[in-house]
Amino acid sequence: MTSTPSSTLLAAIQSKSARAGVIGLGYVGLPLAMTMARAGYCVTGFDIDPTKMVAIEAGKSYIEAVPDHILAGETAAGRFSATTDFAQLRDCDVIAICVPTPLTHHRDPDLSYVEKTCEKIAETLRPGQLIVLESTTYPGTTDEVMKPILEKSGLRSGEDFFIGYSPEREDPGNREFETSTIPKIVAGDGEAATEMMQAFYGSVVKTVVPVASTATAEAVKLTENIFRAVNIALVNELKVVYEAMGIDVWDVIDAAKTKPFGYMPFYPGPGLGGHCIPIDPFYLTWKSREYDQPTRFIELAGEINTAMPRHVITRLAEALDIKAGKALSRSKILILGLAYKKNVPDIRESPSLKLMEIILERGGDFDYCDPFVPEIPQTREYGHLRGRRSIGWSEADIRSYDAVLVATDHDDVDYQALADWSSLVIDTRNVFARRNISADHIVKA
Ligand SMILES: NC(=O)c1ccc[n+]([C@@H]2O[C@H](COP(=O)([O-])OP(=O)(O)OC[C@H]3O[C@@H](n4cnc5c(N)ncnc54)[C@H](O)[C@@H]3O)[C@@H](O)[C@H]2O)c1
């Protein structure tokens, strides 16, 4: 039987002699590279950030989900190496793209990272390679953006090389699921590509879920995140309404979730954070304009979630006024938690940054305390907050603030001590009630 690009690749996947490449070694790419290596493939990681190369060479992981010993073990076993030399892409049989897909300043999709990466791949593209986009994006990206760039090489998708889309469902900090146990959606550009993806990912993760087209796979990822954004907006709205009625939304949710069917709990908070939920829905909003289709639900959810930090600060100002007779403009606030969610060091789009900005805007001052984030790094929107450092954990320090605003409910915090040492606490996460700590000076917001 004569070998074709697809039969050669399939045989290499089946024998695990295929070399995998992962481009973008961040929250998604590094755990994925480790999962591929642990499945028995030799993996090359590519990134433009030289500091990541230094860390990897030293066996030091910068991603919580990847322990140092796993990284060092896979490197020592020769199954993983990392490089900034993109010429080595030529040696890879399967390439997964995990680069950022942020929004521009005008909140439009910024596909420049994906485009640049595809241009790099095109420089060394050869027959028999499978290229999979894993970055979150709008339906049509694989077909309309990735494929034309790769085909500029003169090679054809589905004949010479293969492409597909497989969204990441990584959930940093989740102790129940990791990359290999989260079912993986796959779709190729054509049957051969889908078959190749099923073979490859089927040997790396427990469950593979093939869908009809790359656009369907892209839509699956956006749907999952829009579902979260909309439901979080709903409970945030209910929180404000119930607050006005003197009803505790957390009690309502706890009771509602005892219904064994037809209800799924979502929780309010100080605003949306993280790299996905505040951003991804707007990839669909943007694309839907091309089809003259409104996305009112998504826009409204964005509006409600964006209003949450201001709502929390209004509650803080009211509580300061009523309980301490003090104006926010003359107060110093301790913000507990800078990370966007508990037990992780990730501050991307964190509502804490917005809370800090609003406090300053209203003439108040703040410090923050977060064991995971010792210093505020450079961020695109909050450059003026850069360099502020987390205070340590001491009774004297905590007693010196007019109020403590709990923005992130990290587990490793002594909430009883915090309640004892503070004169006013604003709790946006219901963290005190969950620990059966209640007092007049603890206000939910
Ligand atoms: N973080 C999550 O929990 C999560 C979950 C699901 C999906 N996603 C999606 O996965 C994608 C990656 O997200 P992430 O959180 O891993 O981002 P990240 O910022 O943690 O990592 C991206 C990496 O890509 C590198 N990079 C940037 N440009 C590059 C280029 N041209 N070539 C090579 N490397 C480059 C960066 O240096 C960085 O190391 C995004 O589309 C995101 O929406 C993220």
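Residues are numbered from 1 along each chain as its sequence is written, and side-chain values use heavy atoms, with hydrogens and water left out. Because the model is predicted, local features need pLDDT of at least 70 and side-chain atom pairs count only at pLDDT 80 or more, while totals for chains, interfaces and linings use all residues.

Domain 1 (5–212) and domain 2 (239–444) both contribute to the lining, so the second largest pocket lies between them; the domain bounds come from an automatic or database assignment. Helix H2 (residues 29–38) supplies the largest share of this lining, four residues. Helices (H or I, at least four residues) and strands (E, at least two) are DSSP runs numbered from the N terminus. By residue type, the lining of the second largest pocket comprises 14 nonpolar, six polar and six charged residues (nonpolar: Ala, Val, Leu, Ile, Met, Phe, Trp, Tyr, Cys and Pro; charged: Asp, Glu, Lys and Arg; polar: the others, Gly among them).

The structure also holds one cavity of 30 Å³ or more, a cavity being a set of points where a 1.4 Å probe fits but cannot get out. The largest cavity has a volume of about 60 Å³. Its lining includes Pro-167, Arg-169, Thr-179 and Lys-184, and divides into three nonpolar, one polar and four charged residues.

Lys-184 leads on to strand S7 (residues 184–188), where five of the five residues are buried, so S7 is largely enclosed by the rest of the structure (buried: under 20% relative accessible area; exposed: over 50%; partly exposed: in between; 1.4 Å probe, protein chains only). Lys-184, Val-186 and Gly-188 are buried on one side of S7, and Ile-185 and Ala-187 on the other. Strand S6 (residues 162–165) runs antiparallel to S7, joined by two bridges, with Tyr-165 opposite Ala-187; strands pair if DSSP finds at least two bridges between them. S7 also pairs in the parallel sense with strand S8 (residues 208–210) over three bridges. The β-α-β crossover from S7 through helix H7 (residues 191–202) to S8 is right-handed (clockwise from the first strand over the helix to the second, with the strands pointing away from the viewer).

Strand S9 (residues 332–336) has four of its five residues buried, so S9 is largely enclosed too. Five bridges join S9 to the parallel strand S10 (residues 365–369), and Ile-335 stands opposite Tyr-368. A right-handed β-α-β crossover leads from S9 through helix H12 (residues 351–361) to S10. S9 pairs with strand S11 (residues 403–406) as well, in the parallel sense over four bridges, and Leu-334 has Val-404 as its bridge partner.

Asp-292 sits in the loop between helix H10 (281–289) and helix H11 (296–324) and is exposed, with a relative accessible area of 70%. Glu-349 lies in the loop between S9 and H12 and is partly exposed, at 35%.

Definitions and conventions: On a 1 Å grid over the protein atoms alone, a cavity is a set of points where a 1.4 Å probe fits but cannot get out, and a pocket is an open set with protein on both sides within 12 Å along at least five of seven lines; lining residues have an atom within 4 Å of a point. Grid points are joined across faces, edges and corners, and a volume is the space filled by probe spheres set on the points.
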